[in-house]
Amino acid sequence: MGYKHETLGRDVIPVNYKLEFTPDLKRFVFLGKEKINLSIKRPLNKININATELKVRNASIKSKDVVQECRASANDKKQVLTLSFKNKISGNAELYIEFTGKNGDDLEGFYRSKYTYDGKERYMLTSHMEATAARKAFPCFDEPEFKATYDISFVVDKEYECLSNMPVKSSKSLGKKKLVAFYTTPKMSSYLVYLGVGKYDIVSQKSGKVTIRVVTPPGKGNLAKLPLKYAVKLLPVMEKYFGIDYPLPKLDLIDIPDFAAGAMENWGAITFREVNLLGDEKLTGKAVKQRILEVVAHEMVHQWFGDLVTMEWWDDIWLNESFANFMSFKFSDMVHPEYKMMVNYRYEEIGEALAADSLKSTHPINMKVNTPGEMSSLFDSISYNKGGSVLLMLEDFVGKETFRKGLHNHLKRHMYSNATKHIGCVDLREQVKKEGRSLPARRIMDTWIEKPGYPMLNVSSTEAGSFRIEQKRFTMLEYNLKDTYPVPVHYLTDTSDGRILVTGKTCSISSKNEWVKLNYEQAGLYRVNYDSRTLARLGERIKLGKLSAIDEWGIENDLYVLARSGRMKVDSYLDFVMSYMMDCKYPANASMTGHLLWMMDAGEKRDYAARAKRICMEYNRNVLQKLGWKSSSDEDPTIIRTRSIAIGALGRCDDNDTIRKASEIFNNFIENKVSIDPNIKSAVYTTASRANSTEKMFDMLLNIYNSGEFPEDKIRALQSIGSFKSTELLEKAFDTAISGKVRRQDSILLIEMSAYNPMSRPIFFEWAKRNWKKLLGMYPETTLMMQHMAWVLDIYMEQKDYDAIKDFFSIKDNMRDDIKMAVRQSLEGILVNVKFMETNS
């Protein structure tokens, strides 16, 4: 269990850290020496500083040329080191600490990462400090408000290179070792410090005055050119948009073989999982390229939102993540419009926000947190996706240029400092006011940040041609919540588009039109429930191809959720799909296919499951017959995704022709080394694996994971293991994930993908219970990984499963702060499943 956070207070402020690390890459221990320049606000004879898993050798403090020895006392539970000395001091002081630590393999702090080169296992040292792991690397004031400058140096064997936030300032010989020193950083928070030691391949290119480098383990430099190209394109676009130059002289994008997060925005030294960074211009599929571009953009946005301006405390983590979430897709769309990234943003990111925030157990974007586990729990779909979705809704409401100027003012005013939710809202409101407009931007932002959930707008048409709108909060289980929200509504009619701000329970759109489509282009965070007449007219527009694919998706997705939450029978949803959606485009087809497959799996032998399967097969057979199995280099990415979705869906539906073709392609790849089109590779792998659920296939996929050249191939192999139609092999997959045969960072993916296979429902929870203690030990609170173990429990469909899972987590030792919220959400998700089954029995 975590401790209740107690801040270090504001009597002692760090100004500058001088840090020297001497690591031993054979024994994985390090010696650290630090001098912290302090400003002490009132007379004190003890100082509290954060530290954990470090041993202090000696400590002293110097004030006005007087040096006092410090007595060190550690509170391991609170992760606080108290340094006491005889005489009280105030004003400027220098704190000296010599300490030792370990470079563990737990993916946090200053840790080790393993890779293979020339057939030999080798190691590098790297770091991950967010949210509270800097204190594992060096004693520090480990709270985001304590911004200071850093002078970092390493004493290492001459064969190694060193990385940190800034460029190397000097390198001096010390016998068999060398002292590598880096330039002083700007003021920044402790969680942004980066420490790296190892051997690397490096490719670089200038962007203006900034040197951009992609850094990989030896032998992988050939996969660094693609992300380098993206970063070089992105940086000047971001600088122009924000109106503020990137403030450091270099920007490193660093590939880390073992990494808990997707990526981390260390200032000037961004770290990535391999699959989110490395790729090849010709051999990497379009969807993976889009992902690499978006993740690179996300972390680069953080160099402004998060690094230059940092949230004051972790309850405002959305100020970092929401902006990076939204702006990364926006900038990706600017530099590669042919990728259609904003289509993906609406479908993937807003879609995920709507799903996550539809539970009563959700949380506001801004939420008070105390412990490291609670801090970690905020790195979720609400802080990222919902926050970003609210920003898109606000941009659509106030206008793109007004929004941009508000962001510029915010960054300029608070650079090298900290911000809170209120400051961010005020900066945008002031820009709106400066333009002489009376839009209630502050009220909108405050409500959506502080209030959980979102509304459903119920639309009813009148004989006079107007439309009445009634709003209430939407949740999957409860129908009569009275909450209202200020909702900026952009709508489309058969004659024009328009905007209104819905602030009360009801309002009207006065027009003489046949139909209205609310949430035009899906820029708003709300759902819509149309009356039968309006819905039928919108269905006709879809059938005739008169609505955009995004608006097709919005209508289909809202209708599905009405069925999923028990507000309508599932057959009504299936009737609409059959009548109007059989020629729909991406992303509506992706959404519809996913929903049909869920119904097929959930319903088992019920009539609606068989009907959902028939519709899914009919639609996707037509798609595959039209598109064929081969993509072209200049093909639209939405077409590429549509083909892959069709192959995967038909494989799930046990379509014989698709299984035969996919198995033939896969076997030809294995036996004759005939390459597979990277754009259909995932679908081919999973379909062939599902059709050939054997020990031989299991071992073959595990071998691809361990020996594959491309990171995405490794991930495809793990995902494919999760598609087996064998409970014995799925249980073997679970066991393999925690056996050490799979990297810890990837093990949770193998568990997750296998658990989401309907075949695993009878075995997964029992397996999880048996291994829960081990899982808690494998995945520390700050790695964010145990949340996935908790979320996946919503696969269960029956009340008895709900009761068993609830009982399990009522045992204190089975619960931890980082998973409390995820467990509540999964339990509610199971009740949603139970209700669906009862409604459609």
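How many helices and strands does the secondary structure of the chain come to? In this predicted model, the count is 25 helices and 27 strands, and the views below take up some of these elements in turn.

View 1. Taken along the principal axes, the box filled by the C-alpha atoms of the chain is roughly 85 × 70 × 55 Å. The radius of gyration is 27 Å, which agrees with the value near 28 Å that a compact globule would have with 841 residues. Of the 841 residues in the chain, 62% are buried.

View 2. Strand S16, which covers residues 250–256, is mostly covered, with 7 of its 7 residues buried. Lys-250, Asp-252, Ile-254 and Ile-256 point one way from S16, whereas Leu-251, Leu-253 and Asp-255 point the other way, and all of these residues are buried. Strand S15, residues 210–216, runs parallel to S16 and is joined to it by 5 bridges; Asp-252 of S16 is the bridge partner of Arg-213.

View 3. Strand S23, residues 487–493, is joined to S26 by 3 bridges, and the bridge partner of Thr-493 in S26 is Val-516.

**View 4. The open sheet S25-S22-S21-S27.** This sheet is formed by 4 strands in the order S25-S22-S21-S27, with mixed pairing. Strand S25 (506–509) and strand S27 (527–530) are the edge strands, each of which pairs on one side only. On average, and with direction ignored, neighbouring strands of this sheet are turned by 25° against each other. Strand S22, residues 467–473, runs antiparallel to S25, with 4 bridges joining the two, and Glu-470 has Thr-506 as its bridge partner in S25.

**View 5. The largest pocket and its lining.** The volume of the largest pocket is about 940 Å³, and among the 37 residues that line it, Lys-114, Tyr-115, Asp-258, Tyr-705 and Arg-743 are the closest to its centre. At least two lining residues each are supplied by strand S7 (109–117), strand S8 (120–128), helix H18 (695–707), helix H19 (711–721) and helix H21 (744–755), and S7 gives the most, with 5 residues. By class, the lining of the largest pocket has 14 nonpolar, 9 polar and 14 charged residues.

**View 6. The second largest pocket and its lining.** About 590 Å³ of space lies in the second largest pocket, which is lined by 24 residues, with Asp-601, Glu-604, Pro-758, Met-759 and Arg-761 lying nearest its centre. Helix H13 (588–603) and helix H24 (799–809) each supply at least two residues of this lining, and the largest share, 4 residues, comes from H13. The lining of the second largest pocket has 13 charged, 9 nonpolar and 2 polar residues by class.

Conventions: Residues are numbered from 1 along each chain as its sequence is written. This is a predicted model: local features need pLDDT of at least 70, side-chain atom pairs count only at pLDDT 80 or more; totals for chains, interfaces and linings use all residues. Side-chain values use heavy atoms; hydrogens and water are left out. Two strands pair if DSSP finds at least two bridges between them. On a 1 Å grid over the protein atoms alone, a cavity is a set of points where a 1.4 Å probe fits but cannot get out, and a pocket is an open set with protein on both sides within 12 Å along at least five of seven lines; lining residues have an atom within 4 Å of a point. Grid points are joined across faces, edges and corners, and a volume is the space filled by probe spheres set on the points. Ala, Val, Leu, Ile, Met, Phe, Trp, Tyr, Cys and Pro count as nonpolar, Asp, Glu, Lys and Arg as charged, and the others, Gly among them, as polar. The radius of gyration is taken over C-alpha atoms; the globule rule is 2.2 Å times the number of residues to the power 0.38. Buried means under 20% relative accessible area, exposed over 50%, partly exposed in between (1.4 Å probe, protein chains only). Axes are lines fitted to C-alpha atoms, for helices over the stretch in contact, and angles run from 0 to 180 degrees between N-to-C directions.
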